Amino acid sequence: MIAGFQIIEKQIQQKIVDELNKVGLLYRIFVRTKNEKSITEKIQRKKEEGKPYQENGKKIQDVIGVRIVTYFKDDINVVKEILNNKFIFIDEEIDELELTVFKPKRTNIICEFDESQIQILKEVNSVSEKLNFNLIDNTFELQLRTMLSEGWHEIDHSLRYKCKDDWHEHKESERLLNGIYASLETNDIALKNLFNELSYRHFKSKNWEALLRNKFRLQFQLSNLKSDLKDILNNDILIGKQILKVDRTTFLLKISKSDLSIPMNFNNLLYLLNVIELKNEKLLEKTPELIKSTHNYL
């Protein structure tokens, strides 16, 4: 691995992890940097395809690749919006959904390195004689996938995209492979709906921790909901109804834009919910001052 890219890779990964962990999203992150052999092979392959990289034209933009795999389909947009505030997006490949056609939906984004990272590459470029850095852009590729679709994309990339000749004159096989993806996409939708329904059932039974867990689907730290908070919820069923109606995506994005970084547990989530969305006076009386100040910058 080229030393300069290794440093930049670690910086990018840490920045992403810090931002997503602050919200408490359920996700996995995979980061890879192309080695010298892979870069050289890609330059040669594009040249043979008649689409050569050029110093004053299109360059390699994915020497560093980041893939974020979310547990739930709606978190794709949450992650995208969070990172859009932290990185400079310069290009996107985001497929539109078609009502009558099931096919892979790409969410691929090209992001620009920051000034310090560009300087690192300049320093590496000045001492390296192995690679043509003039054909490498100051960018990395960000791919967003769901957990259910990730395995399919890996298979498709390795055994169809890179082996196109194997699929010539086998349209039915291609159709079947896309059909498998279609079933995964419908399962992604069904998974979200399942947890929404479960949230409503726990609301009806006044199981408040389960309501919060299944409504917001976050990585909660082990900490039970305080008894005095449970009492407030038990005595005012309207609060539970309000929680069910909260737009999860909007709420999580508001948390991500704040400077506040606190453990994500049931108590802190309820405090944040109340300060940002619910505005219940009894809950506000129980809320720590640090979290009360959240409303000043949201």
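1. The model, which is predicted, contains an open sheet of five strands in the order S1-S2-S5-S4-S3, with mixed pairing. Strand S1 (27-33) and S3 form the edges, each pairing on one side only. From one strand to the next the twist averages 20°.

2. The parallel pair. S2 and S5 run in the parallel sense and share six bridges. Arginine 67 has glutamine 143, in S5, as its bridge partner.

3. The antiparallel pairs. S4 pairs with S3 in the antiparallel sense over six bridges, and with S5, also in the antiparallel sense, over five bridges. Threonine 139 in S5 stands opposite glutamate 112.

4. Cover on S4. How many of the six residues of strand S4 are buried? The count is five, so the strand (residues 107-112) is mostly covered. Cysteine 111 has 0% relative accessibility and therefore counts as buried.

5. Helix H1 on the sheet. Helix H1 (residues 3-23) lies across S1, S2 and S5. Its direction is at about 170° to that of S1.

6. Helix H5. This helix covers residues 147-159, 13 residues in total. From its first C-alpha to its last it reaches 19 Å, close to the 18 Å expected at 1.5 Å a residue. Its buried residues are Ser149, Glu150, Trp152, His153 and Asp156. What covers these buried residues includes S2, strand S5 (139-146) and helix H6 (171-204).

7. Glutamine 61. This residue is found in the loop between helix H2 (36-48) and S2. Is glutamine 61 buried or exposed? Its relative accessible area is 17%, and because the cut-off for buried is under 20%, glutamine 61 counts as buried. Leaving aside neighbours within four places in sequence, glutamine 61 is in contact with Ile90, Ile110, Asp137, Thr139, Phe140 and Glu141.

8. Asparagine 214. Helix H7 (residues 208-216) holds asparagine 214, a buried residue with a relative accessible area of 7%. Not counting residues up to four places away in sequence, asparagine 214 touches Phe195, Leu198, Ser199 and His202.

9. The salt-bridge network. The structure holds 18 salt bridges. Side chains of opposite charge can pair when their charged atoms come close. Which residues are linked in a network of salt bridges? They are Asp74, Asp75, Arg217 and Arg248.

10. Arginine 248 and its two aspartates. Arginine 248 forms a salt bridge with aspartate 74, with the closest N and O atoms 3.4 Å apart. This pair links distant parts of the chain, 174 residues apart: arginine 248 is in helix H10 (residues 248-257), and aspartate 74 is in the loop between strand S2 (64-70) and helix H3 (75-84). Both arginine 248 and aspartate 74 are buried. Arginine 248 also forms a salt bridge with aspartate 75, where the closest N and O atoms are 2.7 Å apart. Here too the pair links distant parts of the chain, with aspartate 75 in helix H3 and arginine 248 in helix H10, 173 residues apart. Aspartate 75 is buried, as is arginine 248.

11. Lysine 80 and glutamate 92. The side chains of these two residues meet in a salt bridge at 3.5 Å, N to O. Lysine 80 lies in helix H3 and glutamate 92 in strand S3 (residues 88-94), so the pair ties together parts that are 12 residues apart in sequence. Lysine 80 counts as buried because its relative accessibility is 14%, whereas glutamate 92, at 38%, counts as partly exposed.

12. Cysteines. How many disulfides does a search of the whole structure find? The search finds zero. Cysteine 163 has a relative accessible area of 24% and is partly exposed, whereas cysteine 111 is buried at 0%.

Conventions. Residues are numbered from 1 along each chain as its sequence is written. This is a predicted model: local features need pLDDT of at least 70, side-chain atom pairs count only at pLDDT 80 or more; totals for chains, interfaces and linings use all residues. Side-chain values use heavy atoms; hydrogens and water are left out. A disulfide is a pair of cysteine sulfur atoms within 2.5 Å. Buried means under 20% relative accessible area, exposed over 50%, partly exposed in between (1.4 Å probe, protein chains only). A salt bridge is a side-chain nitrogen of Lys or Arg within 4 Å of a carboxyl oxygen of Asp or Glu. Helices (H or I, at least four residues) and strands (E, at least two) are DSSP runs, numbered from the N terminus. Contact means heavy atoms within 4.5 Å. The expected span of a helix is 1.5 Å times one less than its number of residues. Two strands pair if DSSP finds at least two bridges between them. Axes are lines fitted to C-alpha atoms, for helices over the stretch in contact, and angles run from 0 to 180 degrees between N-to-C directions.
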